[in-house]
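This briefing describes a structure for a reader who is new to the subject.

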Amino acid sequence: MSDAFVGTPAAAVIDPRGPRFAAAVTTVVLAVSLVTGSGPLLAAQTLVFAVGALLGLRYSPYGLLYRAVLRPRLGPPEDVEDERPPRFAQAVGLGFGVLGTIGYLVGPVWLGIAACAGALAAAFLNAAFGYCLGCELYLLAVRLRGAEPDRG
Amino acid sequence: MVDPAGLVVCAAVLTAAGLFGTVRAAHDGRLRRRRADAGRFLSATELGGHLGERVTLVQFSTALCSSCPAARRLLRELAAATPGAAHVEIDAEARPDLVGRLDILRTPTVLVLDRHGRIVRRASGPQRRTEVVAAIEVAAAG
């Protein structure tokens with residue numbers, strides 16, 4: 001069965017440096033949102049997460065910026081990767097962003113701070129270490145679901 | 001306009017994440033013998049494939065795992081270059097039985113089996129060529 005590979009064939013592939021760049025920009029935006037307690041800025045980042053999760057990272061503003069400005073200077077990538085893991089991470093970010101935006105704009109403020117902090121941790125780990133927190137949590141979520149008694 | 005609470009939380013999050021990432025990066029891909037794996041075997045039937053004649057590299061993956069494809073390429077290449085070696089990739093989502101029994105917490109997790117299917121080494125996260133080569137030698141000698 002060594003011919004059976006999980007996750008293939010790939011639905012779409014992307015330049016892996018794009019999501020890494022996007023994570024770096026996201027880290028800065030989230031850090032500024034947190035330090036200034038800005039609901040509108042977090043709302044804007046949440047919209048970026050939504051575009052990345054729903055349409056794909058190529059159409060996210062940071063992805064467009066990467067392709068327009070950085071990619072022509074860097075040259076073609078050595079390798080391409082499956083779009084689904086980083087896109088899943090955008091969906092996780094979207095969840096945090098929605099909660100945080102509600103916290104800042106409607107209340108309670110602690111919810112805004114906590115959710116923004118969670119998203120910041122994930123974005124920073126991705127930007128600095130290439131570590132995909134959402135992807136790690138995915139298997140744990142699957143395991144929890146599998147632990148429910150109604151599932152064979 | 002600075003929110004003092006937000007500033008403190010921001011500094012704490014970046015510090016904690018930096019420490020976590022550094023420790024994690026040091027441990028990722030280190031193929032070690034785990035006490036919990038002592039006496040654990042995997043059969044060809046459980047793997048849904050066949051065991052290598054000398055060594056089997058078992059990789060647990062998910063479709064939403066960012067470092068699984070690179071691990072797959074490395075393990076495939078090393079298995080192909082080693083006589084009597086096989087690479088078996090398992091979809092962790094499809095095999096909750098194995099994931100539960102073997103305490104698989106993240107993907108990729110790689111188990112190195114000897115010719116009897118005994119688990120001799122285990123690592124998770126991005127895989128390192130030198131670590132895998134060394135573990136293959138240990139398993140093939142066993």
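Two strands pair if DSSP finds at least two bridges between them. Helices (H or I, at least four residues) and strands (E, at least two) are DSSP runs, numbered from the N terminus. The model is predicted: local features need pLDDT of at least 70, side-chain atom pairs count only at pLDDT 80 or more, and totals for chains, interfaces and linings use all residues. Residues are numbered from 1 along each chain as its sequence is written, while chains are lettered from A and ligands numbered from 1 in the order in which they are written.

**The sheet of chain B**

- Four strands of chain B form an open sheet in the order β2-β1-β3-β4, with mixed pairing.
- β2 and β4 (119–124) of chain B stand at the edges with a single partner strand each, so one side of each has no neighbour in the sheet.
- On average, neighbouring strands of this sheet are turned by 15° against each other, direction ignored; such angles run from 0 to 180 degrees between N-to-C directions, and axes are lines fitted to C-alpha atoms, for helices over the stretch in contact.
- β3(B) and β4(B) pair in the antiparallel sense over five bridges.
- B:Leu111 has B:Arg122 in β4(B) as its bridge partner.
- The hairpin of β3(B) and β4(B) has five residues between the strands, and B:Gly117 takes a positive phi near 90° there.
- Six of the six residues of β4(B) are buried, so this strand is largely enclosed by the rest of the structure. A residue is buried if 20 or more other C-beta atoms lie within 10 Å of its own, exposed if 12 or fewer, and partly exposed in between, with C-beta atoms placed from the backbone.

**Helices of chain B**

- α5(B) lies across β1, β2, β3 and β4 of chain B and runs at about 165° to β4(B).
- Helix α3 (residues 68–81) of chain B has 14 residues and reaches 20 Å from its first C-alpha to its last, close to the 20 Å expected. The expected span is 1.5 Å times one less than the number of residues.
- Buried residues of α3(B) include B:Cys68, B:Pro69, B:Leu74 and B:Ala79.
- The cover over the buried residues of α3(B) includes β2 of chain A as well as β1 (55–61) and α5 (129–141) of chain B.

**Chain A**

- Chain A has six helices and two strands, in the sequence pattern β-α-α-α-β-α-α-α.
- Of its 152 residues, 47% count as buried.
- α4(A) is mostly covered, with 16 of its 22 residues buried.
- The end C-alpha atoms of α4(A) are 31 Å apart, which agrees with the 32 Å that its 22 residues should span at 1.5 Å a residue.
- Just after α4(A), A:Gly107 takes a positive phi of about 110°.

**Where the chains meet**

- In total, 35 residues of chain A are in contact with 37 residues of chain B; two residues are in contact if their C-beta atoms, placed from the backbone, lie within 7 Å.
- Elements giving two or more residues to the chain A side include α1 (17–36), α4 (84–105) and α6 (133–146) of chain A.
- By class, the side of chain A that touches chain B has 25 nonpolar, five polar and five charged residues. Here Ala, Val, Leu, Ile, Met, Phe, Trp, Tyr, Cys and Pro count as nonpolar, Asp, Glu, Lys and Arg as charged, and the others, Gly among them, as polar.
- The axes of α1(A) and helix α1 (residues 4–27) of chain B come within 6 Å and cross at roughly 140°.
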